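Hi everyone, thanks for coming. Let me put today's protein on the screen, and then we can walk through it together.

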Amino acid sequence: MSTTILIGAQWGDEGKGKIIDVLTERVDWVVRAQGGNNAGHTVEVGEERFVLHLVPSGILHEGKRCVIGNGVVLDPVALVEEIQGVAARGFPVEGRLFISDRAHVVFPYHRMLDAQGEARRAKGDQIGTTQRGIGPAYSDKAARFGLRMADLVDPEFPALLKARVEEKNRALAALGAPVADYDDVLAAVQQAMETLRPLVCDTVPLLHAAVRAGEHILFEGAQGILLDIDFGTYPFVTSSNAGSGGASTGSGVPPNRMDRVVGVLKAYTTRVGEGPFPTELHDADGEELRRVGREFGATTGRPRRCGWFDAVVARHAVMTCGVDEWALTKLDVLDGFETLKICTAYELDGRRIEHFPANVREVARCRPVYEEWPGWRTSTRGAARFDDLPDAARRYIARLEDVTGAPAGILSLGPRRADTLFREMPR
Ligand code: IMP
């Protein structure tokens, strides 16, 4: 199996950073194909904690090569800061990080428009974005007004940027908002490009050569399927395809070259930002999940909303992403609970439904249908094999596999690389 797509199977924050980090041992390349620095992938290496936003997590493994693909929107100034941060901590990127010349660029006016968009939405319609300019940058891409990394290395870049800044400033001024300063934006980008220029290339032939050579590639998904612009809780979503399809369109490696999809699934559910969340808890159990699971956004620091495991969501991920196996994370967070609940279906306006509705107002009216499972009330940390887990934990996992229709091939029992169990999966 040489190409693996890893996706988030809920609303992001499933613990993808850690799983990617563990799987990176087995691959040659790690590729980001969508999203931008709205993502926050947390990785613990020894005693050190890294939060990566744009740089693929593979950078923390010597000798692995990383690609930021065409589907990503990247803020050059933020990327340089991140590159310098990891380099200062012992992970230089030269010769290991390749940036697609087709990737779209996030400029300060995108961030300003993101903030304005949120501020101007009525209460209840706000998305709760990360304010990183992601939506406006993807809007420009779709409107064919964006600039790509190829434009930033072009001698005409100053003129191309000037036209954009003028146009966006007209929009910002009309909103009565502060405008962008062209000279400042140009200077900041040109300074960032001193670091980035040598890393920019056509990453498509690079990845195809790797596929032909039988090298192993891991596609590092960002966000999660319920934040996907097509399959998520639209409009409370991000602006890219966070499902497995995004790995192909965002990298140039076509679907028939993909071998396996790993869905990262938290043993309970969380969400940051606004939008419906059927199993959300507003009680002591929800507080406990947040406290024990340290559920605070890696990018914005916002407290995450917490709730019980939702199999309707997980089945949606299996269908839309073709999940072959789960990496089930944060099982240890449930160690102290006496009773656990699993949502197996929803009740919508008196009907039982098994599939995730398209209409976000319907999702908001969905009531979870729960079954209760006994907790194990003992620490799972340190288990070396699946069979070492308490019976109740194994039963909980078996039930999750049953109700979601995919097996749990990887179990994560803590933030460190060592707290990970692998089960042999039939291939
Ligand atoms: P945006 O991607 O900044 O436009 O935000 C849109 C929605 O996606 C908001 O609800 C964010 O909280 C959410 N979001 C974006 N990126 C992530 C992520 O990496 N993890 C979790 N939520 C995210």
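I'll start with the ligand and then turn to the domains.

A quick note on method: this is a predicted model, where local features need pLDDT of at least 70 and side-chain atom pairs count only at pLDDT 80 or more, while totals for chains, interfaces and linings use all residues. Residues are numbered from 1 along each chain as its sequence is written, and side-chain values use heavy atoms, with hydrogens and water left out.

So what surrounds the ligand? There are 16 residues around it, the closest being Asp13, Asn38, Thr130, Thr238 and Arg302; near here is a heavy atom within 4 Å. For polar contacts, I mean N or O atoms within 3.5 Å. Threonine 130 places a polar side-chain atom 2.6 Å from a ligand oxygen, and the side chain of glutamine 223 has an N or O atom 3.2 Å from a ligand nitrogen. Valine 272 uses a polar backbone atom, 3.2 Å from an oxygen of the ligand. The ligand alone exposes 470 Å², and the protein buries 96% of that (Shrake-Rupley, 1.4 Å probe).

Now the domains, from an automatic or database assignment: domain 1 is 3-102 + 199-260, domain 2 is 104-195 and domain 3 is 265-422. Domains 1 and 2 bury about 2,000 Å² between them, 65% of it on carbon and sulfur atoms; that is accessible area (1.4 Å probe) lost on being put together, summed over both. Val73, Pro76 and Phe236 supply 25% of domain 1's share, more than any other three residues.

How many salt bridges link domain 1 and domain 2? The count is one, taking a Lys or Arg side-chain nitrogen within 4 Å of an Asp or Glu carboxyl oxygen.

Definitions and conventions
Polar contact = N/O pair within 3.5 Å; in protein donor to acceptor, adjacent residues only side chain to side chain. Buried area = accessible area lost by both parts, 1.4 Å probe.
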